Amino acid sequence: MNTIAERIIAFNKGRLPEMLELKYKTMTESAFRFYRATCHLFYEDLAKVDNFPGSPLTWICGDLHLENFGSFKGDNRLVYFDLDDFDEAILAPCLWEISRMVTSMFVGFADLPIYQRETLAMAKRFINHYANTLATGKAVSIDPRTATGIVCSFLEKVGDRKQKELLKKRTLTQRGKIGLLAKYEKHKEVDITLKRELKEHIASWIKTSPLEKHGFKAIDCVFRIAGTGSLGVKRYVFLLKRGDRKGKYLLLDMKQAIPSSLQPYVNIKQPRWKNEADRVIQLKRRMQYMPPALLGTTLFKGDNYIVQEMQPEDDAIEFDAIKDCYKDVGRVIEDMAILAASAQLRATGRQGSSIADELIRFGQNNTWHDALLDYAEKYAQQVKRDYTQYLTDYESGKLG
């Protein structure tokens, strides 16, 4: 069997070297950061397990963990709390998704730290609320009108944010001209030729989007550094200026789409998508209650990209800030479980997914609960061992 370092290097082959170096360094920060960046290891190992509980086929986001739930503004301009990362989305057994999420609780809460007995209780709570939501057969959504507890406070807080706050962090005005701040930690300058080509390309894309009627023009762009698992793929942020209203600007994210890291391990026939970007946004629209504003795709220099508005409302729950309040953490975990089940229920009966009746019956059957919990708890220990080995390999220079 290949070593952890060899498996990670093989998976990341072809990514941008400079960003890959940053990714490998970022993965040393904690076991949870390592876990977030190695979705491929999780499913490679899971696919080899003979006694993992069977479950109906559903559409899954593929990389469900504590930090892949977040807030965003939908097409209807309301702020929602929902699953928000679909880069790995694929048709697979529904418990593959849930096992990754529950494992993330054991790994992530240990880093905070939250006591093991509390984490175990939270994991059981997540599984029970997930199953109970499936059993109802009814998908729900969470926005400021329906949210409770810490999620309600969170949505109200992010809902008050303004576009100018986002622009202030990422832009600089000199001699009356505004541009993206190249020295910002999440930005990296691109060369003049590439910048010109990117601006020309996004100008063409704008003509096919709702932005065209407002006369938006691209005035600057930089490379964007974001995420953990996706570090190394091509990603850009554009500063757009609105033509019909003075002083109005918008930030646009353009991220390269690559095949799901689950693809080699899922022995299930998948639909034939137009391209990888199309897969991501189609499943995002299918599984979320309301997709984010300005969601689209584009082809640039032979690579497919997902195009999306960058929003001041885009954020995630900071568990570190509420770790000492068991009640608050518990409510968030319950909401996450309900949303995970709701996303699967929305996509029932679509292109190979099980129908709602199958998911309802599965939710009513609790014989799989203990087996899933046991697997997640044990695999979290495997993650910690892999992380320890990774640190050794990184320090010895085996990753580059």
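Start with helix 4 (residues 39–46) and helix 5 (residues 94–111): their axes come within 11 Å and cross at roughly 125 degrees. Helices here are DSSP runs of H or I with at least four residues, strands are E runs of at least two, and both are numbered from the N terminus. Axes are lines fitted to C-alpha atoms, for helices over the stretch in contact, and angles run from 0 to 180 degrees between N-to-C directions. Angles under 35 degrees count as roughly parallel, over 145 as roughly antiparallel, 65 to 115 as roughly perpendicular, and the rest as oblique. From helix 4, C39, F42, Y43 and L46 meet W96, E97, S99, R100 and T103 of helix 5. Contact means heavy atoms within 4.5 Å. By class, the residues of this contact are 5 nonpolar, 2 polar and 2 charged. Nonpolar covers Ala, Val, Leu, Ile, Met, Phe, Trp, Tyr, Cys and Pro; charged covers Asp, Glu, Lys and Arg; the others, Gly among them, are polar.

This is a predicted model, in which local features need pLDDT of at least 70 and side-chain atom pairs count only at pLDDT 80 or more, while totals for chains, interfaces and linings use all residues. Residues are numbered from 1 along each chain as its sequence is written, and side-chain values use heavy atoms, with hydrogens and water left out.

Now follow helix 5 to its next partner. Helix 5 and helix 6 pack at about 160 degrees, with their axes 9 Å apart. That angle makes helix 5 roughly antiparallel to helix 6. On the helix 5 side, the contact includes C94, L95, I98 and F109.

The largest nonpolar core has 95 residues. A nonpolar core is a set of buried Ala, Val, Leu, Ile, Met, Phe, Trp, Tyr and Cys residues joined through side-chain atoms within 4.5 Å. Buried means under 20% relative accessible area, exposed over 50%, and partly exposed in between (1.4 Å probe, protein chains only). F81, F109, F126, Y130, F319, I333 and M336 touch the most other members of that core. Leaving out residues up to four places away in sequence, Y130 touches C94, L95, I98, A337, A340, A341, Q344 and W368. A second, separate core of 24 residues includes L211, F216, C221 and L294.

G363 lies in helix 13 (residues 356–364). G363 is buried, at 8% relative accessible area. Beyond its neighbours within four places in sequence, G363 contacts A131, L134 and A135. G363 and I127 are 236 residues apart in sequence, yet 9.8 Å apart in space, C-alpha to C-alpha.

Finally, the backbone. Most residues other than glycine have a negative phi, and most peptide bonds are trans. L112 and P113 are joined by a cis peptide bond, with omega about -5 degrees. P113 sits in the loop between helix 5 and helix 6 (116–136). R175, not a glycine, has a positive phi of about 55 degrees. R175 lies in the loop between strand 5 (171–174) and strand 6 (177–180), and is exposed at 88% relative accessible area. K301 also has a positive phi of about 55 degrees without being a glycine. K301 is in the loop between strand 11 (296–300) and strand 12 (303–309), and is exposed at 59%.
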